Structure formats: structure tokens, C-alpha cells
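Dear colleague,

Please find below the structure that I am handing over to you.

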Amino acid sequence: MRRTRLSIALLLAAASLAVQARDYAYSDAHLHYVDFFQESAGMGKLLKAMADNRIEHVMISGIPVAKKWHEDEPKRPRYFAGDDADAYWYSATDVFVADAVNKLSPEQRQRFHPFLSGFNPNDKNAASHIQRMLDLNPGLWQGIGEVFTRHDDLTALTSGDTPKANNEAMTRIYHLAAENDLPVMVHSNITSKREKNPLYLAEMEEPLRNHPHTRFIWAHAGSSMEIHRHQTQMDFLLPTLARLLEAYPNLYVDLSWSVLTPYLLDEAGKPRPEWVKLVERFPDRFMLGSDVVGRFNKLGKEMRSFDPFLDALPDDVARKVARDNFLAVLPKPR
């Protein structure tokens, strides 16, 4: 009996060590090359951060808006929420991304997956603009997004009408995306800061239902920093995600940082079993993102912060979530 207990203890210890010894390679499914002032630390620092942290692939996009430094503000804001000045739609962001990627060597370029984002999602001309950008750089663009629709205080600060994921302009974009085999990453908050129900869910679910041939990546799973500041956890988020993933095989979920806590990990930094079970149930539908904005010194830290959750998953599922699922959602090689 003692020998049997010892054997079991040794097996458990070996299994624990095996989990601790996991060394992940990552794909970053959500990275902004520039910040809200269209500035960047540069490709050199991004490449170094990738090399230092086993980040093999990145989705690279611009920021579709620029923050205005208002005449009445004596100090330049550091972030879009730094003061009450407007943000405005900024198409040149895609030019900066294209220029940075096109200057890479062919070998380096294979690790970068550019997404188009520089358009106004309220403008029915946006689909024509996207098509022109595709034509200008054939084969460069591999997705569309991050499209800013419902986005906390940024929505209120951005000039023009409130963009919604189910408006007519976005409908045209979804058709274009399907025709070109491009995934679309959409930031669409599931609710407002204070409503404890999925107030805006229909704006995301309607496109999922009406465009089955378009692959959607839901940025942050509909969560956001501002929602969490006002309501620590949305109890309806997990069951809603489970229902949507069951109903819509064209839905993929970006687990970037605002999903990590308080959802994937509890207050002690331990994986929440209910979220582990959800990812195990849909092992091909989740991906990781850093959501860094123009600066890359914290890129590795952001990606490694998911390791405790990955370690709670079966090894094959963990590696899909860490690296492979993002690559699988990209356009098929032509």
C-alpha cells in the first residue's frame, strides 16, 4: 500500500513538473503598431521583443483614430482619454503599417499578418476604400480590424455618429471580407459601463447570424477596461459566449488582457475552472492578444501573463490557444 501511494505521488509530481516545464511559442492576435497619435517605437524594437519572448507571429494593425491635441489644451495628452478633445478617423494608419512590413526581409515578413483598420465604420464608402487598399498592395493584407464600434469613452470622444457592428456600412465590409477570405476583428462592447445585462449583444450577434461565411474575431470577448471599472465582473459573459460559440461556427474570441482578469484568472491568479472548461469545449476558437499600442517593451510580459491559464488546459489545447488558432483563422495560402 505504501509503495502504491508513493507511486501515485511520484506520478502526480511528474505531471506537475511537466506542466511547469511547458514553454510556449506565441502568436499575438492583437497588436497595434502605432498609438493614438500614430507614433511607434519602430519595427526594430518590435522584432527584438518578439525574438526575446518566443512570439513567432503577430497580427499587426494601426489605430483607426487619431487623438486631437486641442488648441485649448496646454499639454499634449498621453492617451485618448487624457482630456476631452476629439478623436477622428485616420486612414493613413494603414500606410504606416504597410510601409513597416514592406521594408522587412521576405523571411521576416512571413511572421507578420497585417490587418486593415483605417476607415470610418459609419461610412458606406468604407468597403470601396478597403478594396482600393487591397488592390494597392496585393497579397499584403490578411484581415480587417481592429474595427472600433462600441468602445467605451472612445466612442463618445470620436467625431461623428456612434459606430455599430450591425450598421449598413459594416454589412458591406463583411461581404467584402467573405469575398476576399479575410477575418474581421471587431471591438463591440457587449454592454455599457453600468448596465448589468448584455445591452448591445444584438449588434454583434446579428452580423454573426447574417454573415455565416465571414470569420469574426470578437476583440476582448466584448469586455473592456471601462466596463470593469464600473462592474467588476459580468456574470452573463461566460454563458453568453458559450451560447454564441455553439450557435455560430464563424465566431472566434480574442482573449486579450481585459478578459484575463477578472475572468480567466481569479483574484489569487488561479485559473477559473468554468473558463477552462469553456476553452476545452471549443479548443479551436480562442486566441491570445497583447493589445499593445505602439510600444513593445511590455509585449513579452503581456503574452506570458496567460501562462497560468494555459497551464490549466490540456497541452495540445494550450498550444492551439497560444499560437495555432490565430494562424488557422488567416486566409488560406493562394
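How many bridges join strand β5 to strand β6, and are the two strands parallel or antiparallel? In this predicted model, strand β5 (residues 112-116) and strand β6 (residues 143-148) are joined by two bridges and run parallel. Along this pair, Phe 115 is placed opposite Gly 143 of β6, and Leu 116 is placed opposite Ile 144 of β6. In general, the strands of a sheet pair through backbone hydrogen bonds, in either a parallel or an antiparallel manner.

Both strands belong to an open sheet of eight strands, whose order is β1-β2-β5-β6-β7-β8-β9-β10 and whose pairing is parallel. At the edges are β1 (26-32) and β10 (286-287), each of which pairs on one side only. Helix α8 (residues 201-210) packs on the sheet, where it touches β7 (184-187), β8 (216-218) and β9 (251-254). The direction of helix α8 makes about 160° with that of β8. As for β6, six of its six residues are buried, so this strand is largely enclosed by the rest of the structure.

I would also draw your attention to Ser 117, which is located in the loop between β5 and α5 (126-136). Ser 117 has a relative accessible area of 1%, and is therefore buried, the cut-off being under 20%. Neighbours within four places in sequence aside, the contacts of Ser 117 are Gly 62, Ile 63, Pro 64, Thr 93, Asp 94, Gly 145 and Glu 146.

Finally, the largest pocket holds about 820 Å³ of space. It is lined by 32 residues, of which Tyr 79, Trp 257, Asp 291, Val 292 and Val 293 are the closest to its centre. At least two residues of this lining are supplied by each of β1, β6, α9 (225-230) and α13 (299-304).

With kind regards

Technical notes
Residues are numbered from 1 along each chain as its sequence is written. This is a predicted model: local features need pLDDT of at least 70, side-chain atom pairs count only at pLDDT 80 or more; totals for chains, interfaces and linings use all residues. Side-chain values use heavy atoms; hydrogens and water are left out. Two strands pair if DSSP finds at least two bridges between them. Helices (H or I, at least four residues) and strands (E, at least two) are DSSP runs, numbered from the N terminus. Contact means heavy atoms within 4.5 Å. Axes are lines fitted to C-alpha atoms, for helices over the stretch in contact, and angles run from 0 to 180 degrees between N-to-C directions. On a 1 Å grid over the protein atoms alone, a cavity is a set of points where a 1.4 Å probe fits but cannot get out, and a pocket is an open set with protein on both sides within 12 Å along at least five of seven lines; lining residues have an atom within 4 Å of a point. Grid points are joined across faces, edges and corners, and a volume is the space filled by probe spheres set on the points. Buried means under 20% relative accessible area, exposed over 50%, partly exposed in between (1.4 Å probe, protein chains only).
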